Amino acid sequence: MRTPLRLQPLIDAYMIDDVVGQLKSGKEAEVYVVTSRGEYRCAKVYKEAQNRSFKQASQYTEGRKAKGSRQARAMSKKSRYGREEMESEWQNTEVEALAMLATAGVRVPKIYEYHEGVVLLEMIVDSTGHAAPRLNDVTMSAEDARKHHTTLIREAVKMLCAGYIHGDLSEFNVLLSEHGPVIIDLPQAIQSTANNAFRLFERDINNLAAYFCRFAPEIKNTDYAHEIWKLYENGKLRPDTKLTGKFAHSTRKADVSSVLNEIDAAYEEEMRKRLARSEDND
Ligand SMILES: Nc1ncnc2c1ncn2[C@@H]1O[C@H](COP(=O)(O)OP(=O)(O)O)[C@@H](O)[C@H]1O
Ligand SMILES: [Mg+2]
């Protein structure tokens with residue numbers, strides 16, 4: 001195919017030998033199949049920032065610190081400088097997250113190069129050697145759905161233990177390789193300490209349940225998000241912590257008036273005692 005302009009710098013740097021074709025274009029990136037050092041790899045080219053919705057981006061960047069105040073001001077003003085900063089911020093986040101998660105034992109594509117706004121990634125393949133399908137493109141047995149769901153919950157736990165939440169986990173961002181699910185697309189990954197972290201984590205986990213319950217309906221009744229988050233908040237979550245998928249929400253309403261009555265009663269009791277003591281001393 002004709003060489004896409006944005007890949008030329010990698011060809012000039014001998015990082016890419018040939019461009020084979022383009023995979024489905026997603027929301028934020030174009031992904032090409034290329035040959036590089038004798039194997040097929042994926043080149044992910046981030047779309048220009050102006051093609052992206054900033055409104056949508058702001059919920060993710062909320063939890064991230066801009067490095068300098070000039071940068072922060074520019075990002076919030078959405079100026080040209082701000083757009084460029086945002087652009088490289090997204091790419092950096094994806095590269096950093098992919099590297100960290102690989103170290104944490106999460107199955108994500110390996111990164112080979114990062115050059116001129118293009119990331120060269122391991123191509124995830126199916127058993128025929130073609131680019132692996134997204135979960136959204138396949139159907140499966142109830143047994144496989146249970147197995148892959150369990151695997152992905154475990155991956156989300158490992159990510160959380162490494163301080164990350166995917167932030168856009170769904171059947172569109174998980175590829176099914178011949179060895180099982182592989183999580184992709186992390187430019188919006190957020191730190192688990194961000195203000196809105198639980199909300200995004202819960203949405204990720206619920207997206208998985210909503211997808212897998214198409215094949216194994218009982219998955220609808222699981223509540224891994226609350227179970228995992230409680231363990232995480234209490235410092236008890238480990239990559240291999242056993243999980244049940246059940247969470248007992250407290251059904252007891254805080255009974256404020258009975259607490260106040262008890263405080264009043266204790267106060268009266270104390271006053272009675274003091275009075276009795278002072279009468280004794282008289
Ligand atoms: N490492 C990879 N191996 C195989 N296919 C990939 C890889 N990375 C991306 N793709 C394909 O490209 C599509 C878009 O990539 P993605 O990272 O999800 O970007 P976007 O932000 O555009 O959704 C994916 O849905 C998938 O089909
Ligand atoms: Mg995607």
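This report walks through a predicted model, from the whole chain to its helices, hairpins and ligand shell.

Residues are numbered from 1 along each chain as its sequence is written, while chains are lettered from A and ligands numbered from 1 in the order in which they are written. Because this is a predicted model, local features need pLDDT of at least 70 and side-chain atom pairs count only at pLDDT 80 or more, whereas totals for chains, interfaces and linings use all residues.

**The chain as a whole**

The chain has 8 helices and 9 strands; helices (H or I, at least four residues) and strands (E, at least two) are DSSP runs, numbered from the N terminus. Of its 282 residues, 30% count as buried. Here a residue is buried if 20 or more other C-beta atoms lie within 10 Å of its own, exposed if 12 or fewer, and partly exposed in between, with C-beta atoms placed from the backbone. Among contacts with a separation of 6 or more, 60% come from residues 24 or more positions apart. A contact is a pair of residues whose C-beta atoms, placed from the backbone, lie within 7 Å.

Let us look at α6, which spans residues 197–212. Its 16 residues reach 23 Å from the first C-alpha to the last, close to the 22 Å expected at 1.5 Å a residue; the expected span is 1.5 Å times one less than the number of residues. Buried in α6 are Ala197, Leu200, Phe201, Asp204, Ile205, Leu208, Tyr211 and Phe212. These residues lie on the same side of α6 because they cover an arc of only 130 degrees around the axis, the arc being that of the directions from the helix axis to the C-beta atoms. An α-helix has 3.6 residues a turn, so residues three or four places apart point the same way. The buried residues of α6 pack against α5 (142–161), β6 (164–165), β9 (190–191) and α7 (224–233).

In α7, the buried residues include Tyr224, Ala225, Glu227 and Ile228, and their cover includes α5 and α6. After α7 comes Gly235, with a positive phi near 70 degrees.

Two strands pair if DSSP finds at least two bridges between them. β4 (residues 111–115) and β5 are antiparallel over 4 bridges, and Glu113 stands opposite Leu120 in β5. Their hairpin has 2 residues between the strands, and Glu116 in the turn has a positive phi of about 50 degrees. β7 (residues 174–177) and β8 (residues 180–183) also run antiparallel, joined by 4 bridges. Val174 stands opposite Ile183 in β8, and a hairpin of 2 residues joins β7 to β8.

**Around ligand 1**

Which residues come nearest to ligand 1? Of the 21 residues around it, they are Gly26, Glu28, Ala29, Val31 and Asp185; a residue is near if its C-beta atom, placed from the backbone, lies within 6 Å. The shell divides into 12 nonpolar, 2 polar and 7 charged residues. Ala, Val, Leu, Ile, Met, Phe, Trp, Tyr, Cys and Pro count as nonpolar, Asp, Glu, Lys and Arg as charged, and the others, Gly among them, as polar. β2 (29–36), β3 (39–46) and β5 (118–122) each supply at least two residues of this shell.

Ser141 lies in the loop between β5 and α5 and is exposed, with 10 other C-beta atoms within 10 Å. Gln191 sits in strand β9 and is partly exposed, with 14 such atoms within 10 Å.

| Pair | Apart in sequence | C-alpha to C-alpha |
|---|---|---|
| Ser141 and Arg214 | 73 residues | 9.9 Å |
| Gln191 and Ala97 | 94 residues | 9.7 Å |

Note on methods. Contact = placed C-beta atoms within 7 Å.
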